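Here are some worked exercises on side-chain packing and pairing. Grab your viewer and try each task before you read its solution.

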Amino acid sequence: MDTSLAAAAVTAEASAPATASTEPSAAPDASPAASSSSAAAAGAEDLAGGVASLSLDERFDLLMSIGEECIQPDELKRLLQNKPVPICYDGFEPSGRMHIAQGVVKAINVNKMIRAGCKVKIWIADWFAQLNNKMGGDLKKIQTVGRYMIEIWKAAGMNLDGVEFLWSSEEINRRANEYWPLVMDIGRKNNIKRITRCCTIMGRSDNEELTAAQIFYPCMQCADIFFLKADICQLGMDQRKVNMLAREYCDDIKRKNKPIILSHHMLPGFKEGQEKMSKSDPTSAIFMEDDEAQVNLKIKQAFCPPKIVDKNPCLEYIQYIVFPWFDKLEVVRKENNGGNKTFLTMDELVADYEAGDLHPADVKPALAKAINEILKPVRDHFNSSSEAKILLNTVKKYRVSN
């Protein structure tokens, strides 16, 4: 097949309204967690009606609040003006237990996108995890992890009314005649140096020795954006390079409507100098099913220098998790230490912290209490659901592979 047909198909789709099933797909043997209820399907159909409750500027501001960076804001506003229900693409590699940066932040962002009137397609990148040698490349284990992660988002309060979960292995096989010519065309239009620069999206250094399978990965992830008919790519800043590759590909095929890149902030680990939370270092990450004592201990031991705001992980978790969730942080302390105080803005908290009026010994218990409150429904779910408990115990036995 002539791969130029793929580019023509992508260009033709650029001006056509995206369509999507309201029923999520499931990998073979997937649990009911991967399937939407009839109520969720009905909710998805009402997304356009819900948009009427927000003005264009309110929808725009809501989406912009997700991103550390947006490419391009003017394109985003034009999209919201012209398309009642834009398609947002997010995705994840099922690669082990879920930490709160992935669990809570994704739930917050997805809920914002739905409130802004978007339909969210979450790409369960099981084949990509296999290419990247996660779970030792065992696809059955990878799919088990994927089902466990969906269970967590359900329990954590992700609004599934406007969400469609899609398993990459199933969708690519089902529409192989669309997918592979597109991957091939992206590969033809880029050299190896350009593609290897994108390999950081896998958590790999661009000078690291890569397998041939891992070279496929950026071409495939770039293809996903067009394959899913995504208007907005809502991924972390660590995925920026491949998202920009997709915009460059639009120039190559002369497509005017480029995907809008809305990249969220990457939360650090709890240890000094850790730019990104890591599953391979359990002491640096809070997992979504950690018990209260584990959360308290990890936060107690976290790096949190007095009066220093920059690169302070505890303050970042307050900014990106606690405030978006509760709209406040409650600090409980003795009268001789300043007494109880409720902070309603991050600016107010930062001012007190830099002045020394708010101490790490005040911040850490307040942060731990808030995180434990967020995680309680998840713990309850995994304690009360036998199916969820089996999934968790199975995933805990898996060795995390880099």
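Start with Trp 180: partly exposed, at a relative accessible area of 31%. (Buried means under 20% relative accessible area, exposed over 50%, and partly exposed in between, with a 1.4 Å probe and protein chains only.) This is a predicted model, so local features need pLDDT of at least 70 and side-chain atom pairs count only at pLDDT 80 or more, while totals for chains, interfaces and linings use all residues. Residues are numbered from 1 along each chain as its sequence is written, and side-chain values use heavy atoms, with hydrogens and water left out.

**Exercise 1. Classify the ring pair of Tyr 179 and Trp 180.**

Step 1: get the criteria. Rings of Phe, Tyr and Trp (its six-membered ring) pair if their centres lie within 6.5 Å; planes under 30 degrees apart count as stacked, over 60 as edge-to-face and the rest as tilted.

Step 2: count. The structure has nine aromatic pairs.

Step 3: apply the cut-offs. The centres of Tyr 179 and Trp 180 are 5.1 Å apart and the planes sit at 85 degrees, so this is an edge-to-face pair.

Step 4: look around. Tyr 179 is buried, at 0% relative accessibility.

**Exercise 2. Which charged residue lies over the face of Phe 287?**

Step 1: the test is NZ of Lys or CZ of Arg within 6 Å of the ring centre and within 35 degrees of the ring normal.

Step 2: Arg 97 is the one, at 4.3 Å from the ring centre of Phe 287. Elsewhere, Lys 77 sits over the face of Phe 60, 4.7 Å from the ring centre.

**Exercise 3. Find the salt-bridge partner of Asp 290, then trace the network around the pair.**

Step 1: a salt bridge needs a side-chain nitrogen of Lys or Arg within 4 Å of a carboxyl oxygen of Asp or Glu. The structure holds 19 of these salt bridges.

Step 2: the partner is Arg 97, with the closest N and O atoms 3.3 Å apart.

Step 3: Asp 290 is in the loop between β6 (260-264) and α14 (292-300), while Arg 97 is in the loop between β2 (87-92) and α6 (100-115), so the pair links distant parts of the chain, 193 residues apart. (Helices, H or I of at least four residues, and strands, E of at least two, are DSSP runs numbered from the N terminus.)

Step 4: Asp 290 is buried, at 1% relative accessibility.

Step 5: widen the view. Arg 97, Glu 289, Asp 290 and Lys 298 are linked in a network of salt bridges.

**Exercise 4. Is Arg 194 buried or exposed, and what is its salt-bridge partner?**

Step 1: Arg 194 has 13% relative accessibility, so it counts as buried.

Step 2: the partner is Glu 248, with the closest N and O atoms 3.0 Å apart. Arg 194 is in helix α11 (residues 192-197) and Glu 248 in helix α13 (residues 240-252), 54 residues apart.

Step 3: Glu 248 is partly exposed, at 33% relative accessible area.

**Exercise 5. How many disulfides does the structure hold?**

Step 1: the cut-off is a pair of cysteine sulfur atoms within 2.5 Å.

Step 2: the count is zero. For Cys 250, the nearest cysteine sulfur is that of Cys 222, 8.0 Å away.

Step 3: Cys 250 is buried, with a relative accessible area of 0%.
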